[in-house]
Amino acid sequence: MFLPRKLLQWRRPAQDAQALAGRLLRSSSSLSDPDDDPPFTWIPKHPSRAPSTPPPPPKPKALAGKIRPDEPAHSDLPFDFRYSYSETDPAWRPIGFREPTRFLPFGPGRLDRPWDGAAAARVGEDASGDERSREEVLGEPLSEEEVAALVERFRHSDCSRQINLGKGGVTHNMLDDIHNHWKRAEAVRIKCLGVPTLDMDNICFHLEDKTGGKVIYRSINIIILYHGRNYDPKRRPDIPLMLWKPLAPIYPKLVQNVAEGLTFEETKELRNRGLNSPPLKKLTRNGVYVNVVDKVREAFKTVEVVRLDCTHVGTSDCKKIGVKLRDLVPCIPILFKDEQIILWRGKERGGSSRAFCFSTVQFQTTMMHASAVYPEGYAITENHMLYNQLQ
């Protein structure tokens, strides 16, 4: 049985295959031949002329390894440069340094102020900073409506003009960040966390003193810093930046083996009593410690030793907390062990606190008696007089 010719599978003739291979071979050889020139290529009759003026020479690139500038930077700010202004006290005298004092954190030859290991003192006593005083830059005080408008604009957590203030406190490079924000906004939102929140008044003071601004809002750990009516970003002070964080100096020992005014056995007994007592408050790492000072003061009215649980806070932060509480409460740190802080109120504070508690109880008793006997207005007046006499 024969099939129709349409259903048969036709093949190309061998001659067609050979012709196709020959064409491909010739095309590949023609492309590989450098002397072959297609007919559509335009060949100019006259070569292009050279430009009449030679091109300018390339600018020399700045040397990447050049660290020392030609001239050191100069700043007229009327205070000594430190890494942290709020967490260090010029009255503290270090007993040693962890690195040579010749290592200037601003870079070699970049600042015209000498570095003594903790601060770069200003050159000359006539350094007065900006030509305009702080009062001239601030101008007239803001009205209540203007303050309310600025607070509503910058107090929210999604504000783009925000600076986070950590355990370093008010650092030197933060001053430059604040002025950079003031270029495009009237105020800046500062969120404070960690050890500096124990003393928010100190933070506000250094922010106003070092930047020349004005704190117009403060709520717990949130601060809004206003630059002033007459602030001009083109006349901002020159603030040379620190290229790295200098190592902290070595200060005298914080906790003595024997507390002042006690024997070794009494000091040991107080430490054991503090370790076995329940913690007054548990502190978290980079938390908000605004109410810690008031709680310690209230606790010292009834107890002699207080323990603060600082688990996961860190040994360095624990010692910084102890130093601040020693000056703010005031009290005496007697032990730092296993991230636990043991504070002793001291001998002098014990008698004064008991007298204060007795005066408070006597005042409350007199107030209740007077309110029952005398008219309301007269009772309030008499109570204030009695309270002043008890004080």
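The model is predicted: local features need pLDDT of at least 70, side-chain atom pairs count only at pLDDT 80 or more, and totals for chains, interfaces and linings use all residues. Residues are numbered from 1 along each chain as its sequence is written, and side-chain values use heavy atoms, leaving out hydrogens and water.

**Exercise 1.** Classify the aromatic pair formed by F81 and F106.

- Step 1. Apply the rule: rings of Phe, Tyr and Trp (its six-membered ring) pair if their centres lie within 6.5 Å; planes under 30 degrees apart are stacked, over 60 edge-to-face, the rest tilted.
- Step 2. This rule gives 5 aromatic pairs.
- Step 3. F81 and F106 are tilted, at 6.0 Å centre to centre with 45° between the planes.
- Step 4. Both residues sit in the loop between α1 (14-32) and α2 (134-138), 25 residues apart.
- Step 5. Check burial (buried is under 20% relative accessible area, exposed over 50%, partly exposed in between; 1.4 Å probe, protein chains only). F81 is buried at 0%, and F106 is buried at 2%.

**Exercise 2.** Classify the aromatic pair formed by W92 and Y251.

- Step 1. The pair is edge-to-face: 6.1 Å centre to centre, 75° between the planes.
- Step 2. W92 is partly exposed at 32% relative accessibility. Y251 is partly exposed too, at 30%.

**Exercise 3.** Find which charge lies over the face of F81.

- Step 1. The test: NZ of Lys or CZ of Arg within 6 Å of the ring centre and within 35 degrees of the ring normal.
- Step 2. R113 lies over F81, 3.9 Å from the ring centre.
- Step 3. F81 also belongs to one aromatic cluster with F79, Y85 and F106.
- Step 4. Over the face of F79 lies K210, 5.4 Å from the ring centre.

Conventions:
Helices (H or I, at least four residues) and strands (E, at least two) are DSSP runs, numbered from the N terminus.
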